[in-house]
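User: I'm new to reading protein structures. Could you walk me through a few features, one step at a time?

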Amino acid sequence: MPIIRNELLSAHLDFGEKTLDLAPYATTGLRAICIGSSGTGKTNAGLLIAEQLAEQGWVSVLVDPEDEMGSLYGPSVDSPEELAQSLAKRDRPILVVDARDPASFLNYGQVIYEAADLHRKPIFLMIDEGQIYSSACRRADGLGEATDLLNDLATRGRKRALDLFLTSRSFAGSLNRTLFSVKNLTLISSQNDPCAWSALAPQFRGTNICFADLAALSTSEFFLFGPEGMEKIRMKMARAMEDVALKAAPVRPVTPSTFSQWDEAMSDIGNDRPQAITPEIVALLGAVGGLSSQQVTSGQRALADELAMRGIDG
């Protein structure tokens, strides 16, 4: 008989434009990974989930590598012993752990694992910048041990009422592959590096989504992969973040839309750059961007026109 976690049967997450019912995770637990460039809203997504689960009976533990969350949720715990006591008493719905490197995470992570094993009461563990504590390959300075511990938290947490959320800047060469193999909720935000698409493309197979769609996402917009398939969502701001954030309208990336705008943009680019775009580079960019042959041909013609206007032989 599979273990059924009753607290997940009635729990939900309100992302703003979408409400995610957590009942489908009652037998598996929640193991979420959020991927995206810096400043795209990954941390806010984790904090929003942490706040809402804390209101529904979880103790949320926030692993903070940059000493920022204490200003939002109160001072970080002083020691692993204090963390163990707080998890036993469950008197603080949100706990902040200051762990700036794998070695400092190890003691706290072990306490979390032991508390989950002993008490079997729901804990939500958010790990910001997970690539600091998990590696695709073994390394020194405690990273190998921290990687093993995170893998244990992810694979064995299901039976111990432990749910997990990690952020990372990239899909490849960052977190250990065990974490990717057991994830059951994925959030992908804006990507600035076209090279990232080769690792992400399999996630979007059959969706007609290409790199340009990822690059066009604004802050706190995500492609969400969950029980209902893939959908694009906009995540509202966590309450603690909202209290300190500047009130400003979201800004989307803007590309030139008129001839004069294109002319002004191109005038700032020297001749060496368009000359360096060889047919091989065009083919590579087309593959990375998921462009059709017609789009690649159109781009080649535009490049030829630009070179001709500059008096450069193509």
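This is a predicted model: local features need pLDDT of at least 70, side-chain atom pairs count only at pLDDT 80 or more; totals for chains, interfaces and linings use all residues.

User: Where in the fold is Ser 168, and what does Ser 168 touch?

Analyst: Ser 168 belongs to strand β7, which covers residues 162-168. Leaving out residues up to four places away in sequence, Ser 168 touches Cys 34, Ile 35, Gly 36, Lys 42, Gln 131, Ser 174 and Leu 175.

User: Which side chain makes a polar contact with the side chain of Ser 168?

Analyst: That's Gln 131, at 3.3 Å. The Ser 168 side chain also reaches a backbone atom, the oxygen of Ser 170, at 3.3 Å.

User: Next up, helices. How do I read helix α2?

Analyst: Start with the general idea: an α-helix has 3.6 residues a turn, so residues three or four places apart point the same way. Now the case here: α2 runs over residues 42-54, which is 13 residues. From first C-alpha to last, α2 reaches 19 Å, close to the 18 Å expected at 1.5 Å a residue.

User: Is α2 mostly covered or mostly open?

Analyst: Mostly covered: twelve of the 13 residues in α2 are buried. Among them are Leu 47, Leu 48, Ile 49 and Leu 53, but also Lys 42, Glu 51 and Gln 52. Lys 42 is also one of the residues that Ser 168 touches.

User: What about aromatic rings? How many aromatic pairs are there?

Analyst: To judge a pair, look at the distance between ring centres and the angle between the planes: under 30 degrees counts as stacked, over 60 as edge-to-face. The count comes to five aromatic pairs. Take Trp 197 and Phe 204: their ring centres are 5.6 Å apart and their planes at 25 degrees, so this pair is stacked.

User: And what kind of pair do Phe 204 and Phe 225 make?

Analyst: Edge-to-face, because their planes are at 75 degrees, with the centres 5.2 Å apart. This pair links distant parts of the chain, 21 residues apart: Phe 204 lies in the loop between α8 and α9, while Phe 225 is in strand β9.

Terms used:
Residues are numbered from 1 along each chain as its sequence is written. Side-chain values use heavy atoms; hydrogens and water are left out. Helices (H or I, at least four residues) and strands (E, at least two) are DSSP runs, numbered from the N terminus. A polar contact is a pair of N or O atoms within 3.5 Å; within protein, one must be able to donate a hydrogen and the other to accept it, and residues adjacent in sequence count only if both atoms are side-chain atoms. Contact means heavy atoms within 4.5 Å. Rings of Phe, Tyr and Trp (its six-membered ring) pair if their centres lie within 6.5 Å; planes under 30 degrees apart count as stacked, over 60 as edge-to-face and the rest as tilted. The expected span of a helix is 1.5 Å times one less than its number of residues. Buried means under 20% relative accessible area, exposed over 50%, partly exposed in between (1.4 Å probe, protein chains only).
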